[in-house]
Structures are given as structure tokens and as C-alpha cells.
Amino acid sequence: MVIDLPLDIQDELRAFDARGDRISHYELLGIGADADGGAIRRAYLERSKRFHPDSWYRKELGDLGAVLSRTFQRMAAAYQILSDDETRAEYDRDHAAAFSEGDRTAAGLRAQARKEEERRQHERRERLLRSKGFARVGAARKLYEEALEHVANGQRAVAIQVLRTARELDPGRKEIAAKLTEVERESVKARAASALHLGKEREASGNFSQALASYAAAIQLEAPGSDAPAGAARCALALGDFAGAGGWAARGLERFPGENRLRVLAARAFIGLKQTAKARTELLLVLQNEPHHAEAKALFKPL
Amino acid sequence: MIPNRSGYRLTPSVVAVAKNGKRLVGALARRQAVTNAERTVVAVKRLMGRAFSSRALQDTLPRLPYTVIAGDRDDARIQLGDQSFSPPEISAMVLTELRLDAEAHLGEKISKAVVTVPAYFNDAQRTATKDAGRIAGLDIIRIINEPTAASLAYGFGRDFPERKIAVFDLGGGTFDFTVLHLFKGAFEVIATGGDTLLGGEDFDARIVDWLAGPFLERHGIDLRKDKMSLQRLRDAAEKAKCDLSSSTTSEVNLPFIASAQGAGPLHLQASLTRAQLEGMTQDLVDRTLKVCEQVLGEAKVHPGQLADVLLVGGQTRMPSVQKAVKSVFARDPTKSINPDEAVALGAAIQGEMLLGDDGKNEMLLLDVTPHSLGIAIAGGFFQRIIPKNTVVPTSAHHLFTTVKDNQPSAKIIVGQGENELAAQNELLGEFMMEGLRAAPRGGVDIDVVFDISADGIVSVSAIDVQTGLRQSITVTSSAGLTEEEIKAAAAANEDWMLGQKEDPKFEGNKAAVEKLIKEFEEFWPRLAEAAAKGMGPQILQGAQAALSVARLQIEQRDHEGLSGSAERLERMLEALRATVARGRGKGS
């Protein structure tokens, strides 16, 4: 069959696909790990023009059709992670081992630069806080504008720092406090989603103790849904830490009392701790909600 | 932009069934709305893809002059005389009309279309739109979002450096706000948001209430209860609103609007000022600004970074809307696009981008899904699977495991929305996986794949992980049309279109005359030569006049005149040919 796609694109697609998950987000977008936000976005848009399915609409693509849409979606996902300061830092930290030497160095430099920027902001804050009267209000106003720029550039961590200083300088200004709350909330949300994702990745690869740490972080950050406590309890059970598992399940049940999955995990923890009565109570509650819950029934029988 | 057969570039989305059973669409339907309010459908966009019992639809109902009833599956049906229609069927009537307009203008069959929808439309509304296209006999190759389409019209053929823009789209029934990033022909939507129940019609409704309220107090008659007077009120309200965009006061004059027992006819007269109108609609404008703020936050863009703000939709002509936009963005909105036509132009550009010349992928649209997609999980919670503002097309996986021995089936409830509780979000459907393999619990893993197409339409498929076999999935709950219903409606529409075909005698005459005109045109150089050589310009003038008459008759579908023209032109051509041949013979 004739594939109606330029040969260089065919080759690139097959090369990307052959490497599967071993290709880093940076390589996928054709940039180095030192690229800034603007360069990442431009690279993604340039690549999209080559690899978006619409660019080859109603062309004969054969088996490459599926590869093309898969490749574009991977690029979009890579772009999404790399265009946010925090998720990018996390990605760098967790995947640096697989980077090329150059990219590893660049990621290291970026982490360093981030620390340096934080230190600089800290010094500036100290200096600004010593200013008096109207100068304080003016400085707060300037910092607020600056923070908006940082947010727009995906640098939430810096924005938070700057906004905190601005708030101290001019506590009466409502927009500063409101923006700070908003950015902080967003930051927590992004970190929670990222931690949950990482927990699942680690659990799937059998790395239970690290997975547990990620799930715990996700719970701390109030990730939505009951996936994080359930994951934590599962990992604790896998590690033989029954008391820990019971604790995670109980934490989850506080927020999601109707979640049978958590109750079954709690029952398993109690069985491990030889607290049969408590296990029975939990299982009875599950069976009340869902009389045919097979796992609960199986656990309940020997008790 | 192609004008319709009445010569206008805009066709209102109004459909009516006249008392004689004839279907009227567009300006014709709007003109007769007052005398035929109960059989005139306006604002059908608000009913598209809505379940009858849904809050959105129930809130809209009291304001509609026509009757909407519940169908068998909690779908909405519009009652027109003794017939009832689904919203996509009504929408298809408008699409069919536009298709016939385009075919008349271009002289060729139209089979494909790009259709625009409000960006904030959900899956059900988009699916209903696609169904409308199929009923109208059109292959809808893409559904694009209206604000995005406007941005294509803005960016098309212009060369500018990388920039961010925002589109503020306040149309008749819906509001959308979208932030985009433009770079070398790539149009990337960063974030989008809106309100599908906020538009120009809500502004009109405020004026209607302002007019009807005092009338009710004084005369004890609620004009909004009578379909005909409600339609007159609405027309007057819309007119006053438009007037107040250019002047500061507007007079409303509705004589004989009602009659009171014993007191004879009653008239309604009022004077509305721009300030009054702005006062009574301030909260609506504020609602739009709230959406803008939220979307800017999601896009992580602050107003100072925007290179331009585009205004789209007729309601953005209102001075207070423009003032509000100006205050939020600290700049004048751009005047480089036409708020009524930019969206249609954008759709045409997208069509060209998809189907145009090979290898010229200079422009690309990267749009996003406006709502998070997720499933209902235990405890009634909503688990997000694809977050809002994710670029489309996209897909995501979710692993399901059987919880019972030999479990035969499993159900997934799919919804769209941002609420933590599944019940608070829009239900897309209940998907049933049936005929699962017999295996102990936990023995069957099913990988469920959620796809969102470039049209923003969701599809769900499932694969048995252990066997690699595709698992069948059926939708068990959805208010959308079934495949059979769409086919039946498309067939009915096809019949109607065949019925619309002019009678064959006229078509025959038209073809004959068109052939003669062509022969005349081919013969023209020799005729002109003969005229120059001494036969005089009169023969040219006579022929020219006869030809213009014939062309006019075709355009006006003048049946009898055309058959006369056919004969006249034929005689004339014969005579002229003979004369020219004689003249030539003489000359040589």
C-alpha cells in the first residue's frame, strides 16, 4: 500500500514509535533540557504542524495513522508537563537518570538556577521589607505585576514567593491576597496530581515503598478522589505494614465513608493485625452496601 | 461569503411551519413570527443535546413561544401543528436551506461542511449538531468552536510575530471566552470557558419583563402568557436594544397589544433609556467578566500580555459590553473583524486547511476540550480522566477489573463537568460492557479507552487485556437520537428537498435557454465583426437586450416568460447566423 506521507516524516514517526517510553519529553519535542518556557511552546507548535493528524487529513496513512495520532498525543502530554514549572521540576527529578549526559547537566543547572532565584528573591524581600511608607505600597504594586508575569510564564513557585512579599508590604490590598490564595491553591493541585500519578507509576513497577511515599504526599496535598488513600493502603499491605495500611484506609474513609474499596483494605489490615472483630465489622458494612461484593464475602467466610 | 437566495449574507436560525403546511426558514420565518408564534421555532440552539428534564431546558421553556414536549427517552421534541420534531431536525432545516443557497450560488452540489458551535458545548450538544448535519444530507467533516473560528479569520493571511489573543464571544444564546496563542500559523487554544445559557436573548428578556411588569400591575394582564403578544414584546425589546446601541433613548410603541374586558383595546407605550437598559442588564455583563477572569487564570495569562481582544457575536455591539471589556483588558477591542461574519469565515478557513492543496500545512488549529471527562465511582464521586483544556484529539485509559466470579457485565457511567460529585455533572451516557468472559473475580481486566475527537465528541471502547479482544459496549442511557431516527429523518428531509425541485417543464425551458445563451456567447465575436463591417450596431443591441431579458427570467423563475424567450432566442440566433453567413458570402 502507498502511504501518502513525506518520507522524512514516515522515518521520524517510526523512529519515535520504536523507542516507546525510552524517549524523553525533551527529545520528543526536539529541544534540550535547558529550553525555557517560550522555546518549549514554540517547539511544540512547530512539531504539531508536522505531526497533528489534521495536517494529513484524509491522506492514506496505513498503519502510520495510528502511530501519527499516538505520537501527537505523546508530544501534547510532554508539552503539558514541561510547560509547568513544578511538574517539569518533578519530571526532571524522576527521570534524570534516563537523560543524556547533556540533558542531565542542563536539568541540574536549572534546579540550581531555581535555588539561586529563590535565594535572590529572599534577599530582595529582606531589602524591600526595610522600606517605609508609600515606598512600601509602590513596591507591593510592582511585585504584584511581576508575580502575574511569573504565573504567566508557568513559574508558580517564584510567583508565590513574590506575592508573599507583596502581601507583607501592603497587607490591605485585597487583590494581592486573593491572587496569592489562588496561585497557592493551583500549586497544591498540580503537585497533588503529579504525586498521585507518580505513586501509580511506582506501584505498577512494584516499587511499593517509594509509591507509598508519593501516595502519602498526594494525600497531604488533598488530591481529589479516593485513589491516593487506597493506593497508600495497598502499598502498606504489600510491604506487610498492617498498622500503616489500617491508618491510610481509615484516613480515606473519613473523607469517603461510602467507598467499599477502602473498607475492604481496612479489613485486610485488621486481619493482618489479628483484630478479627474489627475486620468483621468493616466487612459487614461493605456487605450491607453491596451484598454480592465477592472479595468481602471471601474475606468474611473464614472469620 | 455567499449571499442567500434573498441576497443577504446572514440567515437567521428561525424555522416556521406556515398555516398552509409550508416550511419557512430564515428571514421569511422571522417576518411571520408575530402572527404565527406557536409554529415558529427560535433559539433551537438552546435545546440541542438537552434532556427534557434537565435544569437547563426547564429554565428555558417558559420563555419559548412554541411548545416543547418530552419524548420517549426524556428527549425534547418540538410540537409544530400535528407534527413533532427533534431539535436536530429543526437545525437540519436551517442547514438544508443554507446548503440549497450555496448550491444555487455555486451551481454545484454541496456535500461537506464545517459547522461551528459555542466552545462550551458539551458532548451531547456536539453530537446533536453532527446529527443535524447528517439529517441535512451533509457530511460534517469538522465541528469547530466559534471563538476559535473567529481567531482564524483574524489571523488568516496576516503575518505577525508570536502573540496571545483573547476572543470574547457573546452571541444570541451563549457566551464563550477563549485565550489563544498564535505562532507561525499555529493557533493554540490555551484555555476556554463560557456559559451556554447566557446571551443576547437574556438581555431581550430583561426588557420584556420591564415592559410586561408594569402592564400587569396596571391592567392585570400578563402579556407574557399570550404567545402572540409575547412575540410582539420580544421583537420590540430586541429592536429597542439595538436602537440603544446608537442612541440614548428608544420609544416602544405596541398598539392593540391586548384588550381588557369592557375597556376596549389596550396599548403599550414606553420610553427606555440606555442607562435604564444598562442598569437592568449589569448583572449579565458581570457574569461574562467573571468567566473571563476564571479563564485568564486557567490560561495563566494576565490582560497586559494580550496583543488583541476580539469581539464576536451581535450582543458585543452593546456599548456597556464594550465598556466592560475595555475596563477589564485596559485596551480597545480590535475592530479588524466583523462580529457577525468572522465565525463563518473561520469555518471556511478550517475547511480549506483540512481539504486544501497537498503538502501545504501552513496553518493548524490546536483546540481543547472545554469540560473535564470522567466516570462515576463508588460513593457518588466523580473521577476525572481527561481534564478540561486538554488539547484534542486525545485519549485516556482506565483499567476495570471484575469484582465477582463469572461477572457477566459491567457498567460505566461517563460524565462531563468540574464537580466532585458525579450527579452534579452532565451525564454523557451509561456504557454497558456485556458478554464478559467467565473467570474468577479479578480474572478479567478491561482496558477502557476514552477518545475525544477533534470535533470534541467522546467515544468509548474497551479491550479485554488478557485476550486482547475488543469488548462490545452499548450506550444504555442518552437522550440523543438513535441511528434509525437519524436515517429516517434524513430520508424525510431528502423527500422534502425532492418536492422542492421546480417542475420539470421550467427546468427544461431553463436548460434550453441556458444552452442558447451559451451559443450566443460563442457566436458573439463573429456577430461583432459583422456589425463592425457595416451591418450596424443595432443587431448587437437587439441581441443583447433579448439575452438580458432571458437571464432575468431565469433568476426570477419567470415560468411563462422563459418559454417565450426560448422561442424568441432560437429564432433570433437562426436569423443572425443566416445574415452573417450572407454578409460573409457577399463580402468575399
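Let me start with one residue. A:E203 is buried, at a relative accessible area of 16%. Its partner in a salt bridge is A:R234, and the closest N and O atoms of the two are 2.7 Å apart. Where do A:E203 and A:R234 sit? A:E203 is in helix α9 of chain A, residues 174–204, and A:R234 is in helix α11 of chain A, residues 227–238. The pair therefore ties together parts that are 31 residues apart in sequence. A:R234 counts as partly exposed, with 33% relative accessibility.

A word on confidence. What you see is a predicted model. Chain A has an average pLDDT of 88, and 100% of its residues score at least 70. Which helix of chain A has the lowest confidence? That is helix α7, residues 133–152, with a mean of 85. Helix α2, residues 25–29, has the highest, at 94.

Chain A is divided into two domains: domain 1 covers 7–83, and domain 2 covers 225–300. Their C-alpha centres lie 43 Å apart.

Now the interface. How many residues of each chain take part in the contact? On chain B, 42 residues are in contact with 38 residues of chain A. The size of an interface is often given as the accessible area lost when the parts come together. For chain B and chain A, the buried area is about 3,500 Å². Carbon and sulfur atoms give 53% of that area.

On to polar pairs. Eleven residue pairs are in polar contact between chain B and chain A, with both residues at pLDDT 80 or more. Several elements of chain B give two or more residues to the side that touches chain A. Among them are β8, β10 (175–183), β11 (186–195) and α10 (342–355).

Side chains of opposite charge can pair when their charged atoms come close. Over all chains, the structure has 66 salt bridges. Six salt bridges are found across the interface of chain B and chain A. A:D54 and B:R142 form a salt bridge, at 2.6 Å from N to O. A:D54 lies in the loop between α3 (37–51) and α4 (64–82) of chain A, while B:R142 lies in strand β8 of chain B, residues 139–145, so the pair joins two chains. Are A:D54 and B:R142 buried or exposed? Both are buried. A:R42 also forms a salt bridge with B:E162, with the closest N and O atoms 3.0 Å apart.

Next, a network. Salt bridges link A:D84, A:E86, A:R156, A:E186 and B:K300. Look at B:K300 again. Its phi is positive, about 55 degrees, although the residue is not a glycine. B:K300 sits in the loop between α8 (274–299) and β14 (306–312) of chain B. It is buried, with a relative accessible area of 18%.

Compare B:A330. Its phi is near 55 degrees, a positive value in a residue other than glycine. Where does B:A330 lie? It is in the loop between α9 (319–329) and α10 of chain B. B:A330 counts as exposed, at 69% relative accessibility.

B:D222 and B:K225 form a salt bridge, their closest N and O atoms being 3.8 Å apart. B:K225 counts as exposed, at 67% relative accessibility. Last, the peptide bond from B:V392 to B:P393 is cis, with omega near 0 degrees. B:P393 lies in the loop between β17 and β18 of chain B.

Key: Residues are numbered from 1 along each chain as its sequence is written. Chains are lettered from A and ligands numbered from 1 in the order in which they are written. Side-chain values use heavy atoms; hydrogens and water are left out. pLDDT is the predictor's confidence in each residue, from 0 to 100. Helices (H or I, at least four residues) and strands (E, at least two) are DSSP runs, numbered from the N terminus. Domain bounds come from an automatic or database domain assignment. A salt bridge is a side-chain nitrogen of Lys or Arg within 4 Å of a carboxyl oxygen of Asp or Glu. Buried means under 20% relative accessible area, exposed over 50%, partly exposed in between (1.4 Å probe, protein chains only). Contact means heavy atoms within 4.5 Å. Buried area is the accessible area (1.4 Å probe) that two parts lose on being put together, summed over both. A polar contact is a pair of N or O atoms within 3.5 Å; within protein, one must be able to donate a hydrogen and the other to accept it, and residues adjacent in sequence count only if both atoms are side-chain atoms.
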